[in-house]
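Visitor: I have a model on screen and want to learn how to read it. Where do we start?

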Amino acid sequence: MILESALEIRYSSLKLDRLPIEFSTIKDMKNQNLIKTFGVTDLKVEELHIKDCHSRIVEINRKKYLELKNREFKLGLEIDLKEDGSFNTVINNYYYKIYQCSNIKRFMFNIRFLKEIFMGHLIQLTGKLVTGKVSFENRIEIMKLDLLEKEILGLEEIKKEKLLQEENSLYSLALLNLIDKTPTLQSWVNFRCNLDKVQLIEGDRISVERIHIIKGNDFNIREKIVTLTSVEKREIKTTEAVAYRKTCEISLEKIPRK
C-alpha cells in the first residue's frame, strides 16, 4: 500500500526527502565538461559573505552553468556564455546541495545564504580571474528552505548537532517536533493499494502503523494512521483501491531505542 499524509505530501511535493539537502532540475548530471575555472572567489550576497569559494563554468547536456562550491555547499546556475567570455544567468535550470555539517551555525548560515540568492539578490563575485555580479530568483526554493529552517530550529538544541549529521528523513524530524506538542492530530491521507495484496471492501477503514527510525536520537517514532471515513464504492477499482484527501487521525508514540 502507498499512503501519504498531508504533512508527508508537503515534503514530497517540494522534493524535500532527507539530509543532506540536494536538488537539481537536470535529469542526468553524469557527463560534465569543464569549460573554465576561476579558482578561489569570494562571494557576497547582501550582508552575507563567504570566502575561499571555488567558481567555474561547466557544460552539462550542452548547457553552460556557473558553479559555486566550497566544503559546505554547491550551487550551479544556468548561464548564457558569450563569445567574449562574459555571461548572464538564465532563469531556467539549476542545482544545489547543502552538505552535512557538524556545526549547526554553519548549516543554518548556508540555508540563509541560498535563500538570499533565490530571493534574487545580487551575488557579488570577487577573485583574481573573475569580478562581477549575477542574480537568480526562485520562490519555490525559498519556500523549501523556509520549511527546512523551521523544522531544524524546532529541534531540541541538545540534539541538533547529532541529528543533522545523519541521513534522517525530514518528515521524521517534523514528527519529532510534533510528538510532545501534538501526539494526536487530525489530518488527511492519499492512498493506493493493490487489491491482489490487500483485502479491502466498501465500508472498511484504513489502519496503518509505521516506525520512523531517527538516527542520532534516543527514540524512534511509531506513527499510527486511521481513516475516519470508510472506503467508498467509487474508490474501489478493478485491481486497486484509490482515495484522495481521506480524513484521518494520526497518533504518535515514542519507541525507546535498544
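Visitor: How many residues lie between E11 and E12 in their hairpin?

Guide: Strands here are DSSP runs marked E of at least two residues, and helices are runs marked H or I of at least four, numbered from the N terminus. Two strands pair if DSSP finds at least two bridges between them. E11 and E12 form a hairpin with 6 residues between them. In the turn, Gly 216 has a positive phi of about 85°. This is a predicted model: local features need pLDDT of at least 70, side-chain atom pairs count only at pLDDT 80 or more, and totals for chains, interfaces and linings use all residues. Residues are numbered from 1 along each chain as its sequence is written, and side-chain values use heavy atoms, leaving out hydrogens and water.

Visitor: Which way do E11 and E12 run?

Guide: Antiparallel, with 6 bridges joining E11 (residues 207-212) to E12 (residues 219-227). Ser 207 stands opposite Val 226 in E12.

Visitor: Over how many bridges does E12 pair with E13?

Guide: E12 and E13 (residues 240-256) pair over 9 bridges, in the antiparallel sense. Glu 223 stands opposite Leu 252 in E13.

Visitor: What describes two packed helices?

Guide: The angle between their axes and the distance between the axes. Axes are lines fitted to C-alpha atoms, for helices over the stretch in contact, and angles run from 0 to 180 degrees between N-to-C directions. H1 (residues 6-13) and H5 (residues 170-178) pack at about 140°, with axes 10 Å apart.

Visitor: Which residues make the contact?

Guide: Contact means heavy atoms within 4.5 Å. H1 gives Leu 7, Glu 8 and Tyr 11. H5 gives Leu 170, Tyr 171, Ala 174 and Leu 178.
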